[in-house]
Amino acid sequence: MPEYKYAKVKNEETKVCDVGIGTNDAFYESLGFTKREVEQSYMGEWYLKGYAPSKPEPTTAEKVQVLEQATGLTRAVRELVLADGSGASDYVRAKAQEIEALANPLRGGPEVSAPAEPQTEEGL
């Protein structure tokens with residue numbers, strides 16, 4: 001259903017608008033507003049219908065951050081989970097590998113993460 005409000009275009013290029021929500025036609029018309037079909041952007045600004053920018057796709061870094069927060073699998077925890085003999089479940093290992101596949105290119109590494117090799121005391 002179209003949404004009509006009293007609108008006054010602030011920027012002719014972007015079509016961003018000031019919007020009035022009242023019903024006093026004379027008042028809004030005296031301020032230069034006209035009844036127009038408008039829509040609200042993801043940022044909360046009002047635009048003429050068809051001009052509101054859509055929300056951009058999250059960056060890879062944002063995707064990694066969301067997954068880390070949702071799972072608790074920070075980089076340090078992922079290293080422990082992916083170590084041989086960690087005892088982590090297949091599900092947790094798969095989630096850790098999924099996050100690593102996204103995070104590795106951000107660090108300049110390969111997209112596929114290899115499980116960490118166990119360290120010996122000599123290698124420490």
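This note sets out, point by point, the main features of a predicted model.

1. Strand order. The model contains a barrel closed by 4 strands, which follow one another in the order β1-β2-β4-β3 with antiparallel pairing. From one strand to the next, the twist averages 65 degrees.

2. The β1-β2 hairpin. Strand β1 covers residues 4-9 and pairs with β2 over 4 bridges, in the antiparallel sense. Within this pairing, Tyr 6 has Gly 20 in β2 as its bridge partner. The two strands, β1 and β2, form a hairpin with 6 residues between them. In the turn, Lys 15 has a positive phi of about 70 degrees.

3. The β2-β4 pairing. Strand β2 (residues 16-20) is joined to strand β4 (residues 46-48) by 2 bridges, and the two run antiparallel. Here Cys 17 stands opposite Trp 46, a residue of β4.

4. Aromatic pairs. The structure holds 3 aromatic pairs. In one of them, the rings of Tyr 6 and Tyr 28 have centres 4.8 Å apart and planes at 10 degrees; planes under 30 degrees apart count as stacked, so this pair is stacked. Because Tyr 6 belongs to strand β1 and Tyr 28 to helix α1 (residues 25-30), the pair ties together parts that are 22 residues apart in sequence. Tyr 28 also pairs with Phe 33: the ring centres are 5.6 Å apart and the planes lie at 70 degrees, so this pair is edge-to-face.

5. The aromatic cluster and its burial. Ring pairs link Tyr 6, Phe 27, Tyr 28 and Phe 33 into a cluster. The cut-off for a buried residue is under 20% relative accessible area. Tyr 6, at 3% relative accessibility, therefore counts as buried. Tyr 28 counts as buried at 13%, and Phe 33 is buried with a relative accessible area of 12%.

6. The largest nonpolar core. Which residues make up the largest nonpolar core? There are 8: Val 64, Leu 67, Leu 73, Val 81, Leu 82, Ala 96, Ile 99 and Ala 103. The elements giving two or more residues to this core are α2 (60-71), α3 (75-82) and α4 (90-106). Of these, α4 gives the most, with 3 residues. Apart from this core lies another, of 5 residues, including Ala 7, Cys 17, Val 38 and Trp 46.

7. Surroundings of Val 81. What does Val 81 touch, leaving aside its neighbours within four places in sequence? Val 81 is in contact with Leu 73, Ser 86, Ala 88, Val 92, Arg 93 and Ala 96.

8. Helix α2. The 12 residues of α2, at 1.5 Å a residue, should span 16 Å. The end C-alpha atoms of α2 are 16 Å apart, which agrees with that expectation. The residue that follows α2 is Gly 72, whose phi is positive, near 80 degrees.

Methods:
Residues are numbered from 1 along each chain as its sequence is written. This is a predicted model: local features need pLDDT of at least 70, side-chain atom pairs count only at pLDDT 80 or more; totals for chains, interfaces and linings use all residues. Side-chain values use heavy atoms; hydrogens and water are left out. A nonpolar core is a set of buried Ala, Val, Leu, Ile, Met, Phe, Trp, Tyr and Cys residues joined through side-chain atoms within 4.5 Å. Buried means under 20% relative accessible area, exposed over 50%, partly exposed in between (1.4 Å probe, protein chains only). Contact means heavy atoms within 4.5 Å. The expected span of a helix is 1.5 Å times one less than its number of residues. Two strands pair if DSSP finds at least two bridges between them. Axes are lines fitted to C-alpha atoms, for helices over the stretch in contact, and angles run from 0 to 180 degrees between N-to-C directions. Rings of Phe, Tyr and Trp (its six-membered ring) pair if their centres lie within 6.5 Å; planes under 30 degrees apart count as stacked, over 60 as edge-to-face and the rest as tilted.
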